[in-house]
Amino acid sequence: MSFVIKKSKSYKKAQYGESLLSKVTSSDSEWKAFLYSGILLRWSKEERENFLEGVLKGVGKESQRVVAEYLLFEFFIMDRYKEQARASAIGINAEDVLCFLEYACVRMLVKRISVDGKSYPEDVINSQHEHLLSTLPSLIKFLIESGVPFEGERSCKKQGVSKSIIESMSHVFSIEQHVVEVLKGCYVPRHPCFLLKKYDLTVEQKDNIVDGCKYFLERQPVSFNKLETYRDLNYGLECAHENDEEKLFSLMESSGFSKYDSGMDCLYFDFGRGEAFNEEVHFYKVGDMLRQIYGSLGLKIEVDEEDYSLYELVEFSRKVYRLAKSHNERNKSNLKAKKSGFILTRGRKSLVREFSLNHRTGKLLDIFCVDLEEGRVSDVANFPLFSANGLYYLVPSHVVELCFEKVVDKAVTRPGVTVRFPAREKKGGVFEKKIMDLFSKAGHVCSSIKRNERKKVPEIDVVVDFKGEFLFLIEAKCTIKPESRFESFSFIENHLSKAVEQLSTRFDFLTKRSDEAEERLPFCIQGKKILPIIVTNHSYFTGMKLVAESGVAVYCIDVALLDKIISSGFIPCWSYLEGEGRYFPRERRLKSGGDVVNALTDPLSNLNGMAGPTVQVSEHGVAFEIFKPVQINWDSVYESDDFNQLSPI
């Protein structure tokens, strides 16, 4: 994986030509690196078609030709849907389409009715709702490219036309997702006959799926499917209880959800304040996540020569969320009363009044807003506001589903914004200390090494002497968790691949210049096995093994699982119960140093069996594998009096 990512960078600006075609198809590694670069998406239609047709003419291998066939087919279908949308985008304004998008999203949650007017089960509707919201940036980009004007209207007119555009662009977005996953190697195109080889289909299934199928996308690699399952199971278990009960009660009181009467020794609940409590918990967690990354919510942020605290940015985002939430609830009421929903459009002065901002705090509007005339439209996915022709737009359903820790994190990296860390502190420093404390409290000696550029000494975040036999060489990565496979690709390219190469350099320093390293460490190095580990604050990549160009293997694990392994001496073990379709959790006790090392390097071995994928077929005949959300056997979790303690194996 690391080699493919590094090699792909050489193709990022590649230009079409016969020599390139020959080079790319010369080996599987070159082919994978070329696809991974995504250059096909940036080429013109003519260049892309010439290249893929060149692969089909016999230059490429059979597996390469199948990929080329599939891509040509999908790009053709994508263009057809875009033409359908363009044909409908006449005599309307952008607000018509955005209002219908809001209406469709609200109707999904209130009445479980999809865009096509049909009812579906709750899990299907929720998936469609998430997909529809994710099309917003692509939809806005289409409206701009098609010359559809933004006029400030906010009523839901011309629903039939808007519905047609949204359905077409929803198909385009789905195809783009599949194409990107094929380019990144997460789906492998096959001919339909492969379905018959892989699955024992009934005659009815064969008629419904295979006969109407033009291509089959197989999920790859299998190890990544296992990684996602194990990650989701552990995350589900982690989220099922609140560790900080004292803080939870504090939030209940501050939100007005509960009140303690010391005289009566009674705790009263006001369930009418339930939403206020949920908001309080939500933004406490936003602040807590940002505190882990930046060290303090009091951190100074400079915006347009004005100083703010990180806390003020969180509170500003909370105001935006609260406004969106109130309009979202109003739209739900309008739907029940058979009235149209609406988006929010405001001039700057009106929005400043609505948020109760002054001249100073009003400057924050710009860093939480995407100017469609200046910024990248794709940024709309990560911000609550966008502007056009001097007006600010807010789509309530989009805003209430945003990850606000990511919103704030993105806001402080925008042009004109400066983060002012205190002397000798850096982003992620608190997280590094957390890891060191974890090992220290468990009785292990740990240290770090400062960078010395003159002597070519690399910085090492954390290095741990584990039982005198191993050295854990750790790179700490505290970031906002990716929310989709798309974002995971970016995270791998921009964070994990760099971390792998950094650890490879540090591994070389410890092994080839051990005397210099020992001068800087409170323990010896020689005779110990070095284990490079990336520790993240989220579980998205736990269990992933990456190999540096030098051949050094690097392992990924999240800090919550690391804490269970090092501090508590166990690792969650899951068994899939075929008859129930649910996963059964137990804990595996780690009795030796070897057990601990195995848990760190191969946590996925603690997943015994897993549910298989299901196959869906798109309207244009592409079958693809998906994995349904994991289901936990909660009865087995609650068997123990201590919820945090699972039953042993």
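The model I am reading is a predicted one.

Entry 1, aromatic pairs. I find that Phe316 and Phe368 make an aromatic pair of the tilted kind, with 5.0 Å centre to centre and 35° between the planes. This pair links distant parts of the chain, 52 residues apart. I place phenylalanine 316 in helix 16 (residues 310-336) and phenylalanine 368 in the loop between helix 17 (348-354) and strand 8 (369-371). I then checked phenylalanine 466 and phenylalanine 472, which form a stacked pair at 4.8 Å centre to centre with 25° between the planes. Both of these residues, Phe466 and Phe472, are buried. For the structure I have a total of 27 aromatic pairs. I also wrote down one aromatic cluster, made up of Tyr11, Tyr16, Phe34, Trp43 and Phe51.

I see the charged end of arginine 48 over the ring of phenylalanine 75, 4.0 Å from the ring centre. Arginine 231 lies over the face of tyrosine 540, and I have 4.1 Å to that ring centre.

I followed up isoleucine 565; leaving aside residues up to four places away in sequence, it touches Ile557, Phe570, Ile571, Leu590, Val596, Ala599 and Leu600.

At its N-terminal end I find asparagine 93 as the cap, with a side-chain oxygen 3.1 Å from the backbone nitrogen of glutamate 95. After helix 7 comes arginine 112, for which I noted a positive phi near 60°.

I located serine 37 in helix 3 (residues 28-37). Is serine 37 buried or exposed? I count serine 37 as buried because its relative accessibility is 2%, and the cut-off is under 20%. Not counting residues up to four places away in sequence, I have serine 37 touching Ser8, Tyr11, Lys12 and Arg42. One of these, Tyr11, is in the aromatic cluster of entry 1.

Key: Residues are numbered from 1 along each chain as its sequence is written. This is a predicted model: local features need pLDDT of at least 70, side-chain atom pairs count only at pLDDT 80 or more; totals for chains, interfaces and linings use all residues. Side-chain values use heavy atoms; hydrogens and water are left out. Contact means heavy atoms within 4.5 Å. Rings of Phe, Tyr and Trp (its six-membered ring) pair if their centres lie within 6.5 Å; planes under 30 degrees apart count as stacked, over 60 as edge-to-face and the rest as tilted. Helices (H or I, at least four residues) and strands (E, at least two) are DSSP runs, numbered from the N terminus. Buried means under 20% relative accessible area, exposed over 50%, partly exposed in between (1.4 Å probe, protein chains only). A charge sits over a ring if NZ of Lys or CZ of Arg is within 6 Å of the ring centre and within 35 degrees of the ring normal. A polar contact is a pair of N or O atoms within 3.5 Å; within protein, one must be able to donate a hydrogen and the other to accept it, and residues adjacent in sequence count only if both atoms are side-chain atoms.
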